[in-house]
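Welcome, and thanks for taking a look at this one. Please open the sequence and the structure side by side before reading on.

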Amino acid sequence: MGGHVQEAGTLPAEMTRFIGRRRELTQARALLSRGRLVTLTGPGGIGKTRLALRLAADVRRSFPGGVWLVELSALADGEQVAQTVAARLRVGREALSDPLPRLVEHLAGRRMLLVLDNCEQVLDGCAELVAALLARCPELLVLATSRQALSVGGEQVFPVPPMMLSGPAGSAEHGEAVALFADRATAVRPDYTLTSQNAAVAEEMCRRLDGVPLAIELAAAQMRVLSAPQILSRLDDRFRLLGTGPRTAPPRQRALRAAIDWSHDLCTRQEQLLWARLSVLSGGFDLEAAEHLCSSGGIDRHDVLPLITGLVDKSVLTCEEQGTRMRYGMLDTLRHYGQEQLAASGEEPALRARHRDYYHQMARQAEAEWFGPDQMHWFTRLRIEHANFQAALASTTGEPGQAPVAMGLAAALWSHPLGYGSFHEGRRWLGQALALDDGPGLPRARALFVDGLVAVLQGDLRAAQTRLKECRAMAEVLGEQQELARGTLHLEGLVALFRADFPHAIVLLGEAFTRHQAAGDAGSAAVAACMLTSACVNVGDPNATLHAERFLALCEEHGAAWSRTHALWALGLDHYRRGLHRRAATLVRQALRDKPLSYDQCGVAQCLEVLGWCAAAEGLFERAATLMGAADAAWQVAGSTLTGLGHLQTGHQKFEARLRKELDAAAFDTTTRAGRALTLEQAVAYALDDSTPTAPPPPAPEASAPLTRREREVAGLVADGMTNKEIAARLTISRRTAEGHVDRILTKTGFTSRAQIAAWVAAHRP
């Protein structure tokens, strides 16, 4: 935003400070050096015009024929484009009737940069003129801004991203979005100064506004009458709040709604309808979801893809390839706008019900297929769709009469928290669903079992025992339900195992395994075989070998690649019991090598633990202590703790006692602390390389600076094992912004690794 003073024949002078955008300027300038047409695209208010003007000013010395700005936003007829350009270039009045030949004649031999601003209203006219001029005027370069690409041969499209929320890695600087807010706020309230105390509010405000410069400037303008916390608290009604900009600004830049209205008006009626319907989705979506949810009442299924293409072209949607699928996203402000349109249409209740049912069905399919060749695929897909599952769960737990659906959905997602370690969130949703209705029924019985299962894996044995009692009581009420009976027996065996009651666990899990096999439930049988291996190892029972081999055979028979890594670990554990320490380490390293880190932090922690035991058995005590520290950090990342895992606690205690005996106190503390300082990736690399020197990395310092609300949110996702790309997808931000958040967290806390962030989060979680 910000007005300009026009100088004859030159670019307008800047009336407000240009903030940030160094990377974008560098990238756009590189494109301009490689081609003759560069189009800056993006939604309204993203800063296309301001970036284009600064870029043009930076390169003006390279153009002896001048740098000319032609503003096109006032045009409604594409036939007026050539005349407007001719008039701006002062070609002469005679050019008004037939401008193209005179323009070509005027531009011949001149090295000139033509800046065409706001092409989207007259896109066809711009495309035709630009194509004709570039073909006949070899010294001409064109820099265009548009909400939609011109689609001219040789065009290089540069999507302008939101402003960065965080400063450079290792820097105390604020992000450019926050700097923009502070600069514009100071202009209307000179006493405002960005400090460590109020920066968190400014950053959260910028995050809520997607880092969009126009929205940030309009929010800063409200500092005349509201405090920053007041503005932040009112952003749910952002279109009403951000409705007054400078009188000298173009109408589309005087209010946030006006900027979005401009984009909305560029869309066809069907595109507007799809925009509204897509707003029910959270955190992005794929084509299949869009087709299922949005194809009805005015939109046929086969029309969805062309309409999505149109919305991508008009910068309403973003798209990014994730795995084998394209995934689409929408800025939160555009989504709010779409939700308003959806509510006004009267379709919102039906769309939310379809959304809920679609993701419930996806969860049920994932559960049914989890022990099979698509196991890894489902872990990936469930993680990507996390925000939509959250929205579906929030809808079901907040709507009367939806208790069975809420319990069913929360229970069906059991492999999601198990797969990547977010036990806290999984149990939170299960708890909310179970609180809706305490009446008997299979949905409640399954939810009780899953909550008990996750509680066991979390090491919360008291909660698991409570759920076990409730499962038994439910079984008495419901009568002969074989699935419920098998589940209750299985859960009772797990509780016994994790309480270190190994003889009882062997009996219960053995019976559960037999029943699972008889029922054809290979996945549950495999889990029981894994746990039986662990129980037998702890009492020196040679049947551990039989159970581990059964576990591996089931995994290979069904193509369950993730479960197979656990089977290799179980075999390694059995070899350790038999004194075959090198072979045990080889098997466990193979399991670790095959694991997807972000899906299985519990499995990673188990592998690091047992590799530490093997190293100690081979006399590599410093290496063993480093692995012990790394395992400790990994358990915290997974949201679990060894103190509640009786099947490993006994071996761990013997392991730790030996290390303390072999190493002096200082060496033990230094090496274990160094292991805890490793990131999960570093710990795995250390564990996989048995030639790694035993000298540990330096210990990490303690956290010292407070984090913003957004940084705490990102830290929590780091603790859940998410990569920067996955964090970006979850929060609908760019990967670069996610990286900036993580870097800022490391800088503020003084930590040196993601593992330390995760450990800190785990220590402070309720």
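What follows is a short tour of ring pairs and charged residues in this predicted model.

## Aromatic pairs

Let's begin with the rings. How many aromatic pairs does a search of the whole structure find? The count comes to ten. One of them joins Phe181 and Tyr192, whose ring centres sit 6.0 Å apart with the planes at 85°. Planes over 60 degrees apart count as edge-to-face, so that is the label for Phe181 and Tyr192.

Where do these two partners lie? Phe181 belongs to helix α6 (residues 176–188), while Tyr192 is in the loop between α6 and α7 (199–208). The pair therefore ties together parts that are eleven residues apart in sequence. As for cover, Phe181 has a relative accessibility of 0% and counts as buried. Tyr192, at 6%, counts as buried too.

## A tilted pair between two helices

Next, have a look at Tyr576 and Trp613. Their ring centres are 5.5 Å apart and their planes meet at 50°, so this pair is tilted. Tyr576 comes from helix α28 (residues 561–577) and Trp613 from helix α30 (residues 601–617). With 37 residues separating them, the pair links distant parts of the chain.

Are Tyr576 and Trp613 buried or partly exposed? Tyr576 has a relative accessible area of 25%, which makes this residue partly exposed. Trp613, by contrast, is buried at 6% relative accessibility, because buried means under 20%.

## A cluster of rings

Rings can also be joined in a group. Trp370, Phe371, Phe379, Trp414 and Trp562 form a cluster, linked by ring pairs.

## Acidic residues, on the surface and inside

Now for the charges. Which residues make up a patch of negative charge on the surface? Asp77, Glu79, Asp124 and Glu128 gather there. Asp77 is found in the loop between β4 (67–71) and α3 (80–88). With a relative accessibility of 35%, Asp77 counts as partly exposed.

Glu217 gives you another acidic side chain to inspect, this time in helix α8 (residues 213–221). Glu217 has a relative accessible area of 8%, so this residue is buried.

Note on methods. Residues numbered from 1 in each chain as written. Predicted model: local features only at pLDDT ≥ 70, side-chain atom pairs only at ≥ 80, totals over all residues. Heavy atoms only, no water. Patch = residues over 30% accessible without salt bridge, like charges linked within 9 Å, V, L, I, M, F, W, Y side chains within 5 Å. Areas by Shrake-Rupley, 256 points an atom, 1.4 Å probe, with all protein chains shown as cover. Salt bridge = Lys/Arg side-chain N within 4 Å of Asp/Glu carboxyl O. Lys, Arg positive; Asp, Glu negative; His and termini not counted. Charge placed at Lys NZ, Arg CZ, Asp CG, Glu CD. Helix = DSSP H or I, 4+ residues; strand = E, 2+ residues; numbered from the N terminus. Buried < 20%, exposed > 50% of the residue type's maximum accessible area, 1.4 Å probe, protein only. Phe/Tyr/Trp six-rings, centres within 6.5 Å; stacked < 30°, edge-to-face > 60°.
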